[in-house]
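Please open the structure in your viewer and keep the sequence beside it. The tour below says what to select at each stop and what can be found there.

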Amino acid sequence: MSSDHGWISAADASRVLRVSRATLYAYVTRGYVRSQALPGSSRERRYSGDDVERLRRRTEERRDPDKAAARALQWGLPILESSITLIDGHRLYYRGYDAVVLARSRSLEDVASLIWSGRFDGAFSAAPPHRGSAAGQPDDDFPFVARAQSMLAAASARDPLAFDLRATGVALTGWRILNLLTRTATRSGAVVGTIDQTLAAAWSVSARGVDLLRSALILCADHELNVSAFTARCVASAGSNPYAVVMAGLAALEGTRHDGVSARVESMLESMRRARHLPAAFGERLRRGETIDGFGHPLYRNGDPRAAALLDLLRDRYAKSAELAFALDVAGAAVSVTRERPTIDFALAALARVLRLPSGSPLTLFAIGRTIGWIGHAIEQYATGQLIRPRAKYVGAVPGAP
C-alpha cells in the first residue's frame, strides 16, 4: 500500500475495502472515510488509511462474528454499557457535560459528584478522613504508584466501611481514597483546602497554577472503557471493595501501553532540549526505531480535546514561559513529522515543565484524576450484580489427537 503518513490513493483504498471507486466516493460523502486534495492537484485526492482500515475491519466483523468477538477487546465494538463517558470522535463528555467546559468551570468535587451520582450536589467533604500520616512511610522512596498501592492496602484493612458497596457508600469511600492518594503524592498528613490546592502547596505552584492542576485532574477523570477502567470494572464485578478497584486500576495505569507512556514523553521532552533542529531530531528518533510518544489518539480524528484544552490554558496563564514556548516548539515539530496532534500525555508533560513539578508528576496527576472514573465504573458495576466473565476461544491442541 502506497502511503504518506496514513493517507493512501483511491486505488489502494478501493482495493483494501474491495469496493468500486463509486462506493468509495459514497463512503466519503457519508463521512465514513476522510479525504484531502493532493497538493498542486485540483482533482486527485488521498484517503485516510486509518478510516479505511477501520471500515474494513467493521465490514469484516459483520461477516465473521468470531473475529468481531476477538477484536472487541482491541478498540473494537462496545462490550459493556455505561452512562459515564461519551467519546464522539471530537469531544469528551461526562454524563452529557463537555469535559473541557467542566475543567474550566467546576471544582474537582463537583465533577466527582457528577460522575458518581449524575448530580453536582455531592457532599463528600463530610466523609471522615483516614487517620495517620502519609509522610515517613517505609516505602517513602518508592514511586507514587507503589506507595499508593501500599497505602490503599493498609487503609482497606482499617476501614470498617470498605465493603459498603451501596452507591452512596462507595462515593464516600471514593472521596476518602482521593484524599489518601493526595496525601500520598504530597507526603503530607492531611489535605488542606481542596485536593488541587494541597498538590499546589506541596509542589510550590503559584496561585495562577492551581486552576491548571484542577483542570488537569478533571480532564483525566475518565475516558470510557480503557484498560484501567475495564480492569477496575472486572475487580468490582467480583465484589471486591473500592480500595482493591483503585489498586487494580493503578496497576494497569502504570503499564507502558497505558499512562506509563508519560515517563517516555517526559524523557523525550528532556532529550529535545539538546536538539538544534527539532524536526531533524524527530527524524533521527524514527531512524533509530524509537517512538514519538504523546502524539495521535485513535479515538480522536482531529486531535485529543483534553490536550488542546490544557495547552490553551497554559497559553492563557503562562504566555511568557520559556518552558511553554519550548514545549509548543516540540509539539509543532512532532506534528510536522507525524501529522498527529498532541495527546493528554504530552500536555501533562508540558504542564509539568511549565509549573516545574517533580519528576513523575504527570502520572501522579493522571492517577489521582482517573481514580474518579474508576470509582464511577465500580458504582455502575456493583449495581449490575453481575460478574464479568468472558469466554476464551480455544485454539490449542485437540484432546486425544495423535
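A residue is called buried when its relative accessible area is under 20%, exposed when that area is over 50%, and partly exposed in between, using a 1.4 Å probe and protein chains only. This is a predicted model, in which local features need a pLDDT of at least 70 and side-chain atom pairs count only at pLDDT 80 or more, while totals for chains, interfaces and linings use all residues. Residues are numbered from 1 along each chain as its sequence is written, and side-chain values use heavy atoms, with hydrogens and water left out.

Of the 402 residues of the chain, 49% count as buried.

Next, select residues 167-186, which make up helix 8. The expected span of a helix is 1.5 Å times one less than its number of residues, so the 20 residues of helix 8 should span 28 Å, and the 29 Å between its end C-alpha atoms agrees with this. Helix 8 is mostly covered, with 17 of its 20 residues buried.

Now turn to the aromatic rings, of which the structure holds three pairs. Rings of Phe, Tyr and Trp (its six-membered ring) pair if their centres lie within 6.5 Å, and planes under 30 degrees apart count as stacked, over 60 as edge-to-face and the rest as tilted. Select Tyr27 and Tyr32, which form a tilted pair at 6.0 Å centre to centre with 50° between the planes; Tyr27 is buried at 16% relative accessible area, whereas Tyr32 is partly exposed at 35%.

Then select Phe295 and Phe346, another tilted pair, with 5.0 Å from centre to centre and 50° between the planes. This pair links distant parts of the chain, 51 residues apart, since Phe295 is in the loop between helix 14 (278-287) and helix 15 (305-317), and Phe346 is in helix 17 (residues 344-355). Are these two residues buried or exposed? Phe295 counts as buried at 9% relative accessibility, and Phe346 is buried too, with a relative accessible area of 0%.

Finish with Arg106, whose charged end sits over the ring of Phe120, 3.8 Å from its centre; the term requires NZ of Lys or CZ of Arg within 6 Å of the ring centre and within 35 degrees of the ring normal. Arg273 lies over the face of Phe326, at 4.0 Å from the ring centre.

Methods. Helices (H or I, at least four residues) and strands (E, at least two) are DSSP runs, numbered from the N terminus.
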